[in-house]
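Visitor: Could you take me through this model feature by feature, giving the general idea before the particular case?

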Amino acid sequence: MIGGAAGAFLLSTGLAADTPQLSFSRPVDLPGVGLSFKLMPGALEELLPSPNVYTFTVTPPGGTAFKTNWYSVTQLWQHSQFTGAWGDMKSNHVVLAVVRQPYPLNLKQAFVSRADFRRAMVATPPVEASSISGDALARWALPYTGAETMRAERLVNPPSGLSDVFRFVWSGQKNRLAYAFRLNRHAAGQYEAPTNWFFLRFDVHPAMAPERARIAVEDYFLPHVTVAGALPQAPVTPLAADSGSPELADSRRHVADSIRNMKDWWFAETRHYILLSNLKNRRNALVDVLEKNLDRHRAVCERLVPSRKPITAVSVIRIFATRAEFFEYVGHDANPSMVGVWRSDRRELVIRPADAAEDRTTLDTLIRVAYHEAFHQYLFYAFNEVNASVWFNEGHAELLFAAEFGAGRAASMEHAAHVRTIEPMMLEKNFSLRPLLGMTSLAFYDTNQELMNRNYSLAWALVYYLRKSALDRKDFPYAGLLKQYEEALWKTRNGPIATETAFKDVDFKALEKDFMAFWRTEERRNTRGIELGEGAGSP
């Protein structure tokens, strides 16, 4: 039996059971913006992905070409107005936004830097909620609808809880509906309702008749929109004690605000990181370890490979509660065994949960993968988003995978799995360093798992050898190679050229002979690992 107003609407249509239907019964309360309503049964929050990054090569007149990262103005603007999104299993989706500021019309180009976007928004006056017209609301809503032009139709008899409602109409509308509305402060219990306008977009099942969808929204969704149960408060993001530069603080706020109205999502902060998660237990063992050691990890990264510029973006780590959510976010074509990945396009390190929280081995693997991916994240920002050579990047990431953080001490131990791969190669003299150094990412991440594992092992073994020998041997002839590579990478912004520059005077036969002797001599390797600095616990 279907009950309530929504149920009565569905029964009265006399539709077949498999015809797409739209009903609203799931309560949603958003005290952060002062709004409460009902959604489709089974509707779940949908994450708003970070804005896409577009890399352009710029050649100034008479100057040297360089790469720069820009963002879609539309995506950045939508993020600045976005409040929440939800979807159900019947292909119905809802987007809610607050009408804060118009699209910055003083930006004529489609792609800009974040700094240029911020300046443009500062120069754009906020919306005057009490005087904005229907036409102005329609112009505001254009980027959210994809329409070129549209008109606003005022509903003659809005629900009692709303003082005003506009329906937006455009050609080619099909199964997308859009509205703007304000709460009615004169309605019972709404005297402290927010006065701003809200924007609502529905994308309904493709097989649903648009007129049926319109009736469902206007007769059964809008009447349930009311003020939130708690007095709306201005959202305030608690920042870490040392938030760094204004740009870093702005980055923190942007990330925290992206989940502010999402049920079950929360965030935790350290000096350099912000962790986003929907894990039920905030005191999860994985989160506890990461909160304790991430800034120590960052200190180690800075010692190994000093940043060439101030890092003005907070490092984001997103931890999902379920495997399904993880693979929905990173893509279902990802390796099923993947437990974490640095997504430079989204500026996020994404981690999936342990299959069994009580399994110490699984938890240890997750932590070590986080250390590995966090090096990629650090290097990306430290060299101003330049792509480092894969041997350097993965070799160091695996060095951090094997890191141990003790009381006042950090060390990178030998990576047991890589040692098992390397030792037979050294005994059989079955390796060559020159091809490794010249490998592209496509060649390094070979589809043949055995070959890819070999590449990882050799990259780690080379970096471990260069780091440890430079510390242990005063006469080590290759002590400056890694620094030379870093200098060349920063200067040329080109990984292959940087590798060629750093190794141009190296006798590879002599290097490989010494490399092989290192891995075949217990006395040279010893078992203490690589000391990464005393007091590494003080970021």
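Visitor: Which strands form the open sheet with antiparallel pairing, and in what order?
Guide: Two strands are said to pair if DSSP finds at least two bridges between them, and strands (E, at least two residues) and helices (H or I, at least four) are DSSP runs numbered from the N terminus. Here three strands make up an open sheet in the order 4-5-8, with antiparallel pairing. Strand 4 (53-58) and strand 8 (111-112) stand at the edges with a single partner strand each, so one side of each has no neighbour in the sheet. Strand 4 is joined to strand 5 (residues 66-72) by six bridges, and tyrosine 54 has tryptophan 70 in strand 5 as its bridge partner. Helix 2 (residues 73-81) packs on this sheet and touches strand 4, strand 5 and strand 8, its direction making about 50 degrees with that of strand 5. Contact means heavy atoms within 4.5 Å, while axes are lines fitted to C-alpha atoms, for helices over the stretch in contact, with angles running from 0 to 180 degrees between N-to-C directions.

Visitor: Before going on, what should I keep in mind about the model and its numbering?
Guide: This is a predicted model, in which local features need pLDDT of at least 70 and side-chain atom pairs count only at pLDDT 80 or more, whereas totals for chains, interfaces and linings use all residues. Residues are numbered from 1 along each chain as its sequence is written, and side-chain values use heavy atoms, with hydrogens and water left out.

Visitor: How many bridges pair strand 9 with strand 10, and how many pair strand 10 with strand 11?
Guide: Strand 9 and strand 10 are antiparallel over four bridges, with glutamate 153 having arginine 167 in strand 10 as its bridge partner. Strand 10 and strand 11 (residues 176-183) are antiparallel over six bridges, and arginine 167 stands opposite tyrosine 179 in strand 11. Six residues lie between strand 10 and strand 11 in their hairpin, where glycine 172 in the turn has a positive phi of about 70 degrees. Buried means under 20% relative accessible area, exposed over 50%, and partly exposed in between (1.4 Å probe, protein chains only). Seven of the eight residues of strand 10 are buried, so this strand is largely enclosed by the rest of the structure.

Visitor: How many salt bridges does a search of the whole structure find?
Guide: Side chains of opposite charge can pair when their charged atoms come close. A salt bridge is a side-chain nitrogen of Lys or Arg within 4 Å of a carboxyl oxygen of Asp or Glu, and the search finds 23 of them. In one of these, arginine 154 meets aspartate 164 at 2.9 Å, N to O. Arginine 154 lies in strand 9 (residues 151-154) and aspartate 164 in strand 10 (residues 162-169), so the pair ties together parts 10 residues apart in sequence. Aspartate 164 is buried, at 16% relative accessible area. Arg151, Glu153, Arg167, Glu211, Arg214 and Glu218 are linked in a network of salt bridges.

Visitor: Which residues have the most contacts inside the largest nonpolar core?
Guide: In soluble globular proteins, nonpolar side chains tend to be buried together. A nonpolar core is a set of buried Ala, Val, Leu, Ile, Met, Phe, Trp, Tyr and Cys residues joined through side-chain atoms within 4.5 Å. The largest has 85 residues, and Trp391, Tyr465, Phe515 and Trp519 have the most contacts inside it. Helix 9 contributes the largest share of this core, 13 residues. A second, separate core of 35 residues includes Leu22, Tyr179, Phe202 and Tyr220.
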